[in-house]
Amino acid sequence: MKNLRIEGVNKWVIPFAFCLKVSAGFIFIYIYSEIYGEGDLSGDAGDFMFESKILNNVFYESPIDYLKFIFGFDDLHATNYYLHEAKHWGAGDQAIINDNRNILKFHSILHFFSFGRASIHMIIMSFLSTIGLIQLVKGVKHFTKLKPVFTFLTFLLLPSLLFWGSGLLKEPFVILGIGLFVRGVFYLGGTLKKTLLIILGVIFLIGFKPYILLCLIPSIAFYQLFKFLPRFKIIGSLLILSGTLVVLTFAFPMKVDFIIQLLSRKQYDFKNIGKGGVFLEHRENFYYILPEQFD
């Protein structure tokens, strides 16, 4: 497809990239099935497939209720009735948005023609992240002396991007959102297309990993400041951004404190996942027990 080609990149590189991502996707499924599981998908990948099928089954009982879930018009009664087994649907209080619901909605739609085959879900996710990489390269290729093919292959072959961007979790949508957003910001054509690209990128980022967008905004702001300041570009840009951060910190101390606590808790949780151990839940409290504390 001409619209999915990158100027300066051989037209067969893109299909090769897609096939490579699908291969990485099969490795993703193998790891989550055979290494982490016992022949069936396990972890978040297995949960998303299982719980999205529960959501998909709502359609066969009540198409209207299913559409309410998809478009966000569901209520607590319907959730308790249909989705009491879907732990990711009601994942507790979220800082911005419960992005788990969006990935469950997407997979539930795929279940209508995938018949529960994780490989079909993976192929579609790999296709979306491939489009994201294409948009990303189109957005940044004017800012590097590297040939577009090298820029594309660099993003494609980064191990973390290749593996997680070819799986069943949220990362393919994140890559798609970043690609659309970055291309929109740096797009040199018409205003309408530029605005549309930015809006689509923001929608995907907010819908699947909002904090990624919060990380991108300062870098985009730095670029714009660097671009328009007449002198002392780097120092001036850093000073303006730092000053803005200080003002926001003093203006909204409670919000800043909440964000810091949230990030600290997330970091603590990720470290504990890496170390291993056991989590216990008692009402609103969670307890983490180290392996050496088991006895």
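What follows is a short chat about the predicted model shown above.

Me: Hi! What kind of model is this, and what are the ground rules?
Reply: Hi! This is a predicted model, where local features need pLDDT of at least 70 and side-chain atom pairs count only at pLDDT 80 or more, while totals for chains, interfaces and linings use all residues. Residues are numbered from 1 along each chain as its sequence is written, and side-chain values use heavy atoms, with hydrogens and water left out.

Me: Great. How many helices and strands does the protein chain have?
Reply: The protein chain has 13 helices and 2 strands. Helices (H or I, at least four residues) and strands (E, at least two) are DSSP runs, numbered from the N terminus.

Me: And what does the C-alpha trace span?
Reply: Along its principal axes the trace covers about 60 × 50 × 45 Å.

Me: How much of the chain is buried?
Reply: Buried residues account for 38% of the 295 residues. Here buried means under 20% relative accessible area, exposed means over 50%, and partly exposed is in between (1.4 Å probe, protein chains only).

Me: Switching to charges: how many salt bridges are there?
Reply: The count is 3 salt bridges, each defined as a side-chain nitrogen of Lys or Arg within 4 Å of a carboxyl oxygen of Asp or Glu.

Me: Take Lys-141. Which residue does its side chain meet?
Reply: Glu-7, at 4.0 Å from N to O. That pair links distant parts of the chain, 134 residues apart: Lys-141 sits in the loop between helix 6 and helix 7 (148-157), and Glu-7 in the segment before helix 1.

Me: Are those two buried or exposed?
Reply: Lys-141 counts as buried because its relative accessibility is 16%. Glu-7 is exposed, with a relative accessible area of 66%.

Me: OK, and what does Asp-99 pair with?
Reply: Asp-99 forms a salt bridge with Lys-170, and the closest N and O atoms are 2.9 Å apart. Asp-99 lies in helix 5 and Lys-170 in the loop between helix 8 (159-164) and helix 9 (171-186), so the pair ties together parts 71 residues apart in sequence. Asp-99 and Lys-170 are both buried.

Me: Which residues make the other bridge, with a 3.5 Å distance?
Reply: Lys-87 and Asp-47, again N to O. Since Lys-87 is in the loop between helix 4 (76-82) and helix 5, and Asp-47 is in helix 2 (residues 43-61), this pair ties together parts that are 40 residues apart in sequence. Lys-87 counts as exposed, at 54% relative accessibility.

Me: New topic. Which residues form the nonpolar patch on the surface?
Reply: Tyr-60, Ile-109, Phe-112 and Phe-113, with about 400 Å² of accessible area together. Patches use residues with over 30% relative accessible area and no salt bridge; like charges are joined within 9 Å, and nonpolar side chains (Val, Leu, Ile, Met, Phe, Trp, Tyr) within 5 Å. The areas come from the Shrake-Rupley method with a 1.4 Å probe, and for residues only the protein chains shown count as cover.

Me: Which helix gives the largest share?
Reply: Helix 5 (residues 99-114), with 3 residues. Phe-112 is in helix 5 and counts as partly exposed because its relative accessibility is 31%.

Me: What about Phe-115, what's its phi?
Reply: Phe-115 has a positive phi of about 55° although it is not a glycine. Phe-115 is in the loop between helix 5 and helix 6 and is exposed, with 71% relative accessible area.

Me: Where is Arg-283, and what is its phi?
Reply: Arg-283 is in the loop between strand 1 (278-282) and strand 2 (285-289). Its phi is near 55°, a positive value in a residue other than glycine.

Me: Last one: how long is helix 13, and what follows it?
Reply: Helix 13 (residues 253-275) has 23 residues and reaches 33 Å from its first C-alpha to its last. That is close to the 33 Å expected at 1.5 Å a residue, where the expected span is 1.5 Å times one less than the number of residues. Gly-276 follows helix 13, with a positive phi near 90°.
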